[in-house]
Amino acid sequence: MLRYASCNIASHLPDRFGMTFSSIKPRTLKLWLALSVALSPLLATFSLAKPSQAAVNAYCQLSPQEMQQKAQVRQAALGGNAKAQQDYQSLLQQHATQLQNCRARTWPHTQAIWLRLYPCDLFNGNLDIVMDRIVDRGYNEVYIEVFFDGQVLLPKNDNPTPWPSVVRLQGQENADLLQMAIAKAKQRGLRAYAWLFSMNFGYNYSLLSDRQQALARNGENHTSLSIHEQKDTNYEVGDVGGGDSDQVFIDPYHPQAKRDYYYLVNSILKRQPDGMLFDYIRYPRLTGGASVATKIQDLWIYGPASQQALYGRATNNKGRELIQAYIRQGYVTAADIQSADRRYPQEGYAQWQGRNAPQGRLSLAQRRARLQKDLWLLGVAHALQGVIDFLALASAPAQRQGLPTGAVFFPDANQVVGKGYDSRLQPWDKFPTSMEWHPMAYAVCGQTDCISNLVQRVLGMASSDVRVKPVLAGAWGRSMKNRPSLEAQMADLQQWRGQISGISHFAFSWQEPEIDRQRRSCRAN
């Protein structure tokens with residue numbers, strides 16, 4: 001049964017500090033939090049440093065000296081030195097235990113990082129270098145990108161999906177980079193999640209002649225790829241991060257798209273990740289005037305499967321006929337209503353899932369006005385339900401195995417905008433509360449306020465049983481792309497430490513650009 005998934009507007013949070021802090025001014029409280037975070041590295045070093053352990057700071061990070069020591073031992077071990085190999089394994093175990101103990105008594109208890117792997121990570125000890133650096137930086141979870149940009153992190157000779165494998169190097173057809181990465185992570189005490197794009201199937205999928213009917217389409221018969229080829233100013237394309245100009249979105253109602261994704265998820269699960277995260281649970285992000293959906297043709301519900309599912313929501317013949325007229329024309333006329341009345345005189349008002357029939361007798365003009373409004377809401381609700389249903393399908397295999405699953409979303413992508421809706425139509429406030437929620441707090445304003453406002457919006461709409469794990473973008477020790485340092489962002493989020501036990505950082509490549517650059521080449525570093 002279709003339920004109207006409303007797009008909520010931000011609400012203010014009540015005071016979560018209780019009577020003890022109620023008299024403290026917000027400015028004073030923020031200063032106190034920042035000061036405590038600034039001093040805590042020194043205190044943590046004294047409290048955690050022991051002769052048998054390396055010193056860590058307030059973020060459970062190793063000192064530069066300890067990082068260098070491990071790098072030297074690793075290099076000797078990779079070179080074949082037997083004694084170094086034993087020492088290296090001992091260091092890995094020591095640091096894994098130390099990290100576990102530190103995170104257990106340090107906020108946040110879960111600190112994760114997002115990671116993309118490259119084919120050359122098969123060589124030169126690259127996986128060891130990456131996973132060691134993740135531990136060195138105080139992370140105890142890693143989110144490995146396994147399906148992105150129309151390719152999948154499966155071996156070429158064991159890839160039952162329609163997408164090409166990430167690793168396509170000659171002689172490496174059986175190399176299982178994902179399984180190797182998961183093993184390296186677990187060896188260091190890291191929990192390794194598989195991170196997948198979802199409704200964005202990538203450009204390669206759009207090239208398959210037998211998958212064209214599975215692509216999402218709007219009322220102008222555009223796919224998310226072809227819409228950006230238009231010169232019409234209604235379809236503006238923004239700068240990097242502004243739009244999805246290089247992405248290909250599918251119709252979440254199409255059985256072929258659902259089968260393809262189901263096989264993909266099950267193939268990933270064979271590598272035994274510790275959990276799964278689903279990204280791009282939404283429709284395309286457009287810019288300019290097209291960033292707001294204000295009419296039925298703006299919605300991505302014109303694929304054949306989505307249309308048939310929409311017509312199937314009618315609960316009487318009159319309802320089905322008027323839904324079809326509305327989708328075909330973008331409106332209903334008085335003649336459409338009269339025609340339906342003549343064809344089905346035994347039926348009362350047009351009916352479909354979620355519609356409350358008007359009370360009393362209405363004039364023809366009143367019926368038309370009411371139908372226009374109700375059919376628009378039906379179209380929006382149908383689009384939203386497709387997103388929710390696709391997420392349920394995607395996460396089901398992992399949930400059956402008892403693995404944690406999470407949804408990645410934009411905190412502002414479910415909003416009412418004027419007389420329309422954000423074009424992404426991402427109803428995250430209706431996502432299952434049994435899943436982790438990973439809001440991408442990527443706002444850019446040169447300070448932390450706009451970032452914490454996004455997190456506050458999610459916490460204000462999430463029930464108490466939801467595990468909210470905000471995603472922050474940036475780097476340690478420096479501002480980046482007009483974003484404050486990760487230290488500053490995390491200090492601001494400490495005001496919700498009672499509600500947030502996990503935070504993740506996007507991305508490894510931002511924090512370690514030199515390591516990332518070297519990993520793109522298979523030449524020895």
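**The disulfides**

Reply: The link of C120 and C522 is left-handed, with -85° about the S-S bond. C120 lies in the loop between β1 (110-115) and α5 (126-136), while C522 lies in the segment after α16 (513-519), so this pair ties together parts that are 402 residues apart in sequence. The model is a predicted one, in which local features need pLDDT of at least 70 and side-chain atom pairs count only at pLDDT 80 or more, while totals for chains, interfaces and linings use all residues. Residues are numbered from 1 along each chain as its sequence is written, and side-chain values use heavy atoms, with hydrogens and water left out.

The sulfur atoms of C120 and C522 are 2.0 Å apart, and the rule for a disulfide is a pair of cysteine sulfur atoms within 2.5 Å. Helices (H or I, at least four residues) and strands (E, at least two) are DSSP runs, numbered from the N terminus. For burial, buried means under 20% relative accessible area, exposed means over 50%, and partly exposed is in between, with a 1.4 Å probe and protein chains only. C120 has a relative accessible area of 7%, so it is buried. C522 has 33%, so it is partly exposed.

By the sulfur rule the count comes to 3 disulfides. Another of them is formed by C60 and C102, with their sulfur atoms 2.1 Å apart. C60 sits in the loop between α2 (26-48) and α3 (64-78), and C102 sits in helix α4 (residues 82-104), so the parts that this pair ties together are 42 residues apart in sequence. The torsion about the S-S bond of C60 and C102 is about -90°, so this disulfide is left-handed. Both C60 and C102 are buried.

There is also a disulfide that joins C445 to C450, with an S to S distance of 2.1 Å. The link of C445 and C450 is left-handed, with -95° about the S-S bond. C445 has a relative accessible area of 32%, so it is partly exposed. C450 has 17% relative accessibility and therefore counts as buried.

When bonded cysteines are counted along the chain, the disulfides of the protein follow the pattern 1-2, 3-6, 4-5. As a general point, a disulfide is a covalent bond between the sulfur atoms of two cysteines.
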